[in-house]
Amino acid sequence: MDNSVRYENTASSQSIITNHKRLIQDIAALMFNLENQRSPEETNPIVNSLLQSLIEQVRLEDEFMRQVAYPDFNQHRREHIVLLRDYNEFKRIFENCGPSTLISLRMQKIFNLFIDHFQRVDRKLGAY
Ligand SMILES: [Fe+2]
């Protein structure tokens, strides 16, 4: 997975890069557990960790965009809201119903949204 998002070397941009790596690790760990039908006890901590790293990523990127008066702030923010909404919906269903083929397919769709966002929208922000 390519996470070569470039930001100027500031403290906030370093936090964005560090948390972005954590977010990608959480996504990879969750996909692994779902594909291998690991138990909810094993997977729930990853589900929670991913939500925390996603919330932190959105917070850090929003802060950075405000600092630099980023022109595409509203569009970028709209995509974050969709990612948070879709992931929270996945989390709610997973916690109620546990692992299944359907929940894996749902997460695969969200996974594709994450990758698309990283490669298209975050990369553009990183190059700003
Ligand atoms: Fe983003």
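Helix axes are lines fitted to C-alpha atoms over the stretch in contact, with angles between N-to-C directions running from 0 to 180 degrees. The views below show a predicted model.

**View 1. Helices α2 and α3 run side by side with their axes within 11 Å.** Helix α2 spans residues 40–67 and helix α3 spans residues 73–97. Their axes cross at roughly 170 degrees. Because angles over 145 degrees count as roughly antiparallel, α2 is roughly antiparallel to α3.

**View 2. Residues at the contact of α2 with α3.** From α2 come Val47, Leu51, Leu54, Val58, Asp62 and Met65. They meet Phe73, His76, Arg77, His80, Leu83, Leu84, Tyr87, Lys91 and Phe94 of α3. Sorted by class, this contact has 10 nonpolar, two polar and three charged residues.

**View 3. The largest nonpolar core, with 14 residues.** Ile27, Leu30, Val47 and Leu50 have the most contacts inside this core. At least two core residues are supplied by each of α1 (11–35), α2, α3 and α4 (101–126).

**View 4. Surroundings of Val47.** Leaving aside residues up to four places away in sequence, Val47 touches Leu30, Lys91 and Phe94. Val47 is also one of the α2 residues that meet α3, and it is among the core residues with the most contacts.

**View 5. Ile17 in helix α1.** Ile17 has 17 other C-beta atoms within 10 Å, so it is partly exposed. Ala69 lies 52 residues from Ile17 along the chain, and the C-alpha atoms of the two are separated by 19 Å.

Definitions and conventions. Residues numbered from 1 in each chain as written. Predicted model: local features only at pLDDT ≥ 70, side-chain atom pairs only at ≥ 80, totals over all residues. Helix = DSSP H or I, 4+ residues; strand = E, 2+ residues; numbered from the N terminus. Parallel < 35°, antiparallel > 145°, perpendicular 65-115°, else oblique. Contact = placed C-beta atoms within 7 Å. Nonpolar A, V, L, I, M, F, W, Y, C, P; charged D, E, K, R; others polar. Core = buried A, V, L, I, M, F, W, Y, C linked by C-beta atoms within 7 Å. Buried ≥ 20, exposed ≤ 12 C-beta atoms within 10 Å, placed from the backbone.
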